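Visitor: Hi, I'm new to this one. Can you walk me through a few parts of it?
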Amino acid sequence: MFRRGICNRRCRKQNMDVAIFGDISRSMRKQHRKQMISFIEGLLDKTLVSADGNHVALGTFGDSADVAIMFNEEVFQDTSNMKEAAKAMFMVRPKLVGTRTDLALDLASKEVFTAAGGDRPEAKNILLVVTDGKPYIRKKDKKPFIPFETSTKALEAEGVLVVVVGVGPAVENEKEKMEEVAGEKGIALLVPSFDILSDHLDEVLELYCAIDGKYTEWKESDCSVTCGGGVMTLTRTCTNPPPSNGGKDCSELGPAEKTLACNEQECPPPCTAGLDVAIVLDKSQSVKLGNLAKVITFLGKLVGSFHPAPDADHFGLITFNKNAQLSFTLGNSQYHDKDALLKKIAEEPMAKDVFVVDVGVGKNVARQEKKMAEIAGEKGRVLLFPSYKKLSENLDEVLEVYCAIDGKYTEWKESECSVTCGGGVMTLTRTCTNPPPSNGGKDCSELGPAEKTLACNEQECRKLI
C-alpha cells in the first residue's frame, strides 16, 4: 500500500519520456474517470513538461488500445494542451466490454517507446498504467491475447520502467495479476479507492522523478564550555527530502557541518563573597603517591577557581596521617596567591559555625558515608567519588557546594500581542534561573524587573466596507 504524508514534490527537468495509459473500459464509472483525469492532471503539473525537458505520451485502453499523443508532438509539449487532451480522451466510453491491458503494453513497446514515437535515446523511460482491475477479454473478441511477459521483457530491454497503479476495492485481491502486468522489474501499486487516488501523487512521482536532496534545519550541539570561549557544532543532513532517482545530493548547497564560537564571555570567579576555606588532606600511607599527586592537581584547579587575595578568599590546609597537622593559618599573607597555596594552605579556627564538606574518595568509600556524615555535621555536606580520577573530573561539583553563586536572568520571552491591529500590548518575561542564586548568592532584583510590557500591532485596523 501507499505511504501517506509525503511532502509535495515536483520532478526536476531531466529529459524523461513518460507514457501514461489510462483504463477507459466500460467498468469505469463516470466519476471514476473524472477522478483518474484529476490524478493524471496532477502528474502532468508535477512532471514539468517542456520541449527541452520532460515529454509525455498519452494512450487509452478498453476493448482495444490506442495512442492519442506521441512524445514528439510539439503542440503537446505543453502542460495546458496535454491536460485538455486528457480530459477529452479519458471520458470516451467504448461500445464493447473489455479491459485489454495486454494490448496497451504491446502498443507501448512497439509504437510509443521507439524512434518513430519520439522516444529519445538519452531520456529516462517510464510507462505508467492506471487501471480499475485485472485484464478482461470478452468471449467474442477475436484479437489474440499477448502475454504480458513478452511486452514487459521488450520494454525492459529498452530501459522502460513499468509502473501499474491498480485502483478500487477489488485490487487487493488482484495483487499477483497487477504484478504480472508490471513485469519482473516493474512496480505494482494498489490504491483502494478512486476517491483517494489523487492523494498519492507524490508516491507515484517518487518512483521515477529525480528528486534533488535538500538539507534539514541546522541542529546545534552544546557549547564545549560555559564561559571563556568555546565551540559548538552545527550539523544537518541531506534528508529533507533525500536525493532519489538520480537527483542531486546536497554538496552544492554547502557543508553538512560547521563550527561556531560560543560562550566567549570571560569566566567570573565562582566565589566572590570573601570565603575562608579550610581543606583537610589525607596523607596517610593508604593513599598512594600517584593518587596523592592527583589530589594536589585537583587542589590546584580548585584554588585557581577562586580569588585569593588579602581582601577576598583565604585558604587553610590541614594534613593528617597518624596525627593531624596545621600547615599555616588563613591570615598568613604569604599564601594569598595560587602558587603558594599549591604547597601549603593554612586554617585559622573560628568561633562562628563552620560549613564542613567531607570528600570521600575510593571504591569502598560509600560504606563510610554514615561516619563521614557525622564528621561533616548536620549542616555539612558529604561528597563521594569512586576514584581519584573522578574527583579530578568533578571540580565543579565541589565548587557548587559552598560557592555563593549570584543569580542571572534568562533571555526575555515574548507573549503574543493582545490584538492583531489597533494597538495592543505584549508581555516580556524572564526568570532568575541562568543560573539561579545559590549558597547565599544575590537574586536578580538588582538586575531589573522580571516582567515588562511593550506596545505592539499599532497599525490601524482595516475597515470593512
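Visitor: Which residues of α1 are buried?
Guide: R33, Q35, M36, I37, F39, I40, E41, G42, L43, L44, K46 and T47 are buried in α1, buried being under 20% relative accessible area with a 1.4 Å probe, protein chains only. This is a predicted model, where local features need pLDDT of at least 70, side-chain atom pairs count only at pLDDT 80 or more, and totals for chains, interfaces and linings use all residues. Residues are numbered from 1 along each chain as its sequence is written, and side-chain values use heavy atoms, with hydrogens and water left out.

Visitor: OK, and what covers those buried residues of α1?
Guide: The cover includes β1 (16-23), β2 (55-61), α2 (79-89), β4 (124-131) and α6 (201-208). Helices here are DSSP runs of H or I with at least four residues, and strands are runs of E with at least two, numbered from the N terminus.

Visitor: How do α1 and α6 cross?
Guide: Their axes, lines fitted to C-alpha atoms over the stretch in contact, come within 10 Å and cross at roughly 50°. The contact (heavy atoms within 4.5 Å) is made on the α1 side by F39, G42, L43, K46 and T47, and on the α6 side by L201, D202, V204, L205 and Y208.

Visitor: Switching topic: in what order do β10, β11 and β12 sit in their sheet?
Guide: The order is β10-β11-β12, in an open sheet with mixed pairing; two strands pair if DSSP finds at least two bridges between them. β10 (276-282) and β12 (324-328) are at the edges with a single partner strand each, so one side of each has no neighbour in the sheet.

Visitor: How many bridges join β10 to β11?
Guide: Seven, and the two strands run parallel. D282 stands opposite F320 in β11.

Technical notes
Buried < 20%, exposed > 50% of the residue type's maximum accessible area, 1.4 Å probe, protein only. Axes fitted to C-alpha atoms, helices over the stretch in contact; angles between N-to-C directions.
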